[in-house]
Amino acid sequence: MLDLKLRNARIRTVDDRHPHARTLGVLAGRIVGLDATVEDLPARTVLDCGGAVVVPGFGDAHNHMAWFGQSLDELDLSTATTLSQVYDAVARRAAGLPADAWIVGSGYDDTVMGGHPHRTELDRAAGGRPVWLKHRSGHMCAVGSEVLRRAGVLDGTADSPEGGVVVRDGDGAPTGLLQERAQSLVTGLVMPYPVADLAAALGRASAVYAAEGLTHVVEAGIGLGLIGRSPVEAAAYQLARERGTLRTRVELMVAADNLHALRAHADDGITTGIDLGLRSGFGDDRLRLGPMKIWLDGSLIGRTAAVSEPFCGHDHTSGVYQGSPEEMRRLVVEAHRSGWRVAAHAIGDSAVDLALDAFAEAQGVLPRPDVRHRIEHSAVVRPDQLERYVELGVVPVPQARFLYDVGDSMSEGLGPDRTLWMYRHRSFLDRGIRVPGSSDRPVAPGAPLLGMQSMVERLSRAGTVLAPDERVSAEQALRAYTVDAAWASHDEDRRGSLTPGTYADFVILSDDPVTVDSHRIGAIDVLATFVAGECVHGADAVGDLPTVNGPLPTAGTPRPDARSHA
C-alpha cells in the first residue's frame with residue numbers, strides 16, 4: 001500500500017523520459033511510480049489536486065540561512081530609501097532600551113540612499129548606544145562610535161585585518177564604515193552566538209523557506225570566517241533538526257577559515273581539513289557537509305570585487321582580495337587534494353581567473369573527474385573565460401535576482417560593455433554547463449519563483465533588460481531551481497526531478513511557471529511543500545483542495561507502521 005497518492009494533478013516531472021504526469025505515488029519517502037504504474041494501487045492517503053500544478057521541490061544552491069533567520073529579529077532597513085529613514089528607525093528602536101543595549105539592523109543599501117550611515121549621526125539617533133547596521137551585501141557594515149571604541153579603532157589599538165578596510169574621511173577619522181574583513185572588528189565583540197539562539201534562527205528561516213517551496217538549500221559558509229556565526233555552528237543545525245524545526249534538507253559549506261593542517265598517513269593525501277578528517281559528503285540526506293568555501297574577493301555593490309579594469313567612476317578602484325592570492329590558491333589546491341569539493345567566491349573577472357587557475361593546478365596535481373568544483377556568483381565572466389569553465393568542469397553559481405534588486409548599481413559600476421558579462425546564464429547553457437538556481441539570501445529575496453522570473457526577464461528595478469542575450473526560457477529556469485541545483489551537489493539521481501526512486505520532495509503550485517506570462521511567475525502561490533512525502537508547509541491549503549482521503553502525512557507525524565524515511 002502506498003503512503004500517499006496524488007491524482008488529478010498537472011505534474012511537471014523535469015524528467016525528459018516522462019515529462020508530464022497526472023498521478024504520483026509515494027512510499028517510504030520516495031516516489032515509486034507515475035500514472036498507470038500507481039493509478040490502481042491503494043494508498044493510506046489520496047490527495048485529489050484538482051488540477052493544481054506539481055513540480056519537484058526547489059533547491060537554493062547558495063544562501064545564508066542563519067544570517068537570514070537572525071535578520072528576521074533585527075531592525076529591518078531593507079525598505080529605507082534615505083539616510084534620514086535609517087536614523088529615525090534607529091532612534092525608534094533605541095527608545096526605552098537600556099543605555100548599553102546593542103541596536104542591530106540589517107539590509108540597508110547605500111546605492112538607494114545615496115550613502116552609508118555615518119557614525120556621528122548613529123550616535124545621535126541611538127543616544128550613544130552601540131549600533132551595528134549590516135549592509136545588504138554582507139561585505140560591509142556601518143557602526144557607531146561606541147562600537148569603534150570597544151573595537152579599539154578610535155584609540156588606534158586595533159589592527160586592521162588583511163583584506164579589510166576601515167574607511168576614513170579626509171582628515172583620517174573613521175566614518176563608521178567597515179568593509180570586508182574589517183567587519184571582524186565588530187563580530188569579535190558579539191560572537192560566537194549561543195547554539196540555541198542560532199537553532200531558533202534556523203527554525204524561523206526554515207519556515208519561510210518551506211512556504212516558498214524550498215526543499216533543499218546550501219548554506220554558503222559556516223563556522224569561522226566572513227559570515228560565520230560560531231566555531232560550532234554545525235551544532236545549531238543539528239539542534240534544529242532534533243527539535244523538528246529544520247524543514248528543508250541542508251548542505252553545509254565549511255568556511256576555509258576553519259581548515260587547518262592535519263596529520264595523517266602519507267598515503268592518505270589528507271593535508272588540510274577539519275578535525276577527524278571530515279570532508280564534503282559526510283552526513284546524511286537531511287544534513288551533510290558540502291564544499292569548502294573560500295572568499296577570494298569582495299562585492300559588486302561595494303566596488304570591492306577584483307576586476308581586471310577599474311570600476312567606472314573609480315579610476316583607481318579594481319577591488320580587493322580577501323587575502324594573499326598565492327595563499328588562497330594554495331588553500332584551494334590543498335583542499336582539493338584532501339578530498340573536498342571547493343566553492344570559491346569570485347565576483348570580479350580577476351577573481352574568476354584566480355579560481356580557474358587554482359582549479360586547473362589542483363586537477364594537474366591530483367585529477368578528480370567530475371568533482372564539480374564551483375565558482376560562487378561568477379558575476380563578471382569574460383568571453384575568454386567561458387571555455388575554461390567547460391574545460392575544467394567548473395559549476396557557475398550566479399544569482400539572477402540580483403539583476404532586479406541591485407542590477408542598476410552594478411551595471412553603472414561596470415559600464416555597458418562589461419554589463420553584457422554580468423551574471424551570465426544563457427552563455428553557460430549554450431556550452432553545456434548547468435547553472436543551479438540560487439539567491440544569496442538575505443542579500444536578495446530568496447523566493448525561487450522570483451529567481452525564475454528574473455532568469456527569464458533579466459529586468460532591473462528601473463526596467464532595463466540587463467544583458468538580454470543571457471535570458472533563458474521558463475522551462476530552463478525551472479530546471480535551474482530543481483534538477484540543476486541538485487546536480488551541482490551530485491544529487492541529481494536522488495532529487496530535483498519527480499522520477500521513480502527519487503525523494504518525494506515536491507511543491508504544489510497554483511499555476512504553471514512554464515506557461516504563465518513571465519511577469520506573473522513570481523506571483524504564483526505555493527499551496528503546499530512536501531519533503532520525503534510529508535507536508536512541511538500548507539496542510540491547511542491542501543485541505544482546501546477538492547478531496548483528501550485519509551490523514552495528510554505531515555512532518556513529525558509517525559506512520560502507522562513506523563517505518564523510517566530516507
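A crossing of two helices is called left-handed if the near helix is turned anticlockwise from the far one by less than a right angle, and right-handed if clockwise. By that rule, α2 and α4 cross in the right-handed sense. What you're looking at is a predicted model, so local features need pLDDT of at least 70, side-chain atom pairs count only at pLDDT 80 or more, and totals for chains, interfaces and linings use all residues. Residues are numbered from 1 along each chain as its sequence is written, and side-chain values use heavy atoms, with hydrogens and water left out. Element labels are DSSP runs numbered from the N terminus: helices are H or I with at least four residues, strands are E with at least two.

**The α2/α4 pair**

- Two packed helices are described by the angle between their axes and the distance between the axes.
- Here, the axes of α2 (residues 83–94) and α4 (residues 119–126) come within 8 Å and cross at roughly 35 degrees; axes are lines fitted to C-alpha atoms, for helices over the stretch in contact, with angles running from 0 to 180 degrees between N-to-C directions.
- On the α2 side, Tyr-87, Val-90, Ala-91 and Ala-94 do the touching, and they meet Glu-121, Leu-122, Arg-124, Ala-125 and Ala-126 of α4 (contact means heavy atoms within 4.5 Å).
- The residues of this contact split into seven nonpolar, two charged and no polar; Ala, Val, Leu, Ile, Met, Phe, Trp, Tyr, Cys and Pro count as nonpolar, Asp, Glu, Lys and Arg as charged, and the others, Gly among them, as polar.

**Two open sheets**

- Strands β1 (residues 2–7) and β6 (residues 43–48) run parallel and are joined by five bridges, with Arg-7 opposite Asp-48 in β6.

- Five of the five residues of β20 (residues 342–346) are buried, so the strand is largely enclosed by the rest of the structure; buried means under 20% relative accessible area, exposed over 50%, and partly exposed in between (1.4 Å probe, protein chains only).
- In a regular strand the side chains alternate between the two faces of the sheet.
- In β20, Val-342, Ala-344 and Ala-346 point one way, while Ala-343 and His-345 point the other way.
- Four bridges link β20 to β19 (residues 287–295) in parallel, and another set of four bridges links β20 to β21 (residues 374–377), again in parallel.
- His-345 stands opposite Trp-295 and has Glu-376 of β21 as a bridge partner.

**Cysteines**

- Searching the whole structure turns up zero disulfides (cut-off: a pair of cysteine sulfur atoms within 2.5 Å).
- For Cys-49, the nearest cysteine sulfur is that of Cys-535, 11 Å away.
- Cys-49 is buried at 1% relative accessibility, whereas Cys-312 is partly exposed at 35%.

- Glu-470 sits in the loop between α15 (448–457) and α16 (474–480) and is buried at 4% relative accessible area.
- Leaving out residues up to four places away in sequence, Glu-470 touches Leu-420, Arg-424, His-425, Arg-426, Ser-427 and Arg-458.
- Ala-467 lies in the loop between α15 and α16 too; this residue has a positive phi of about 50 degrees although it is not a glycine, and it is buried at 4%.
- Leu-276, another non-glycine with a positive phi, has about 70 degrees; Leu-276 is in the loop between β18 (272–273) and β19 and is exposed at 84%.
- Met-191 and Pro-192 are joined by a cis peptide bond with omega of about 5 degrees, and Pro-192 is in the loop between α6 (184–190) and α7 (195–211).
- A cis peptide bond also joins Arg-441 and Pro-442, with omega of about 10 degrees; Pro-442 is in the loop between α14 (426–430) and α15.

How values were computed: Pairing = 2+ DSSP bridges.
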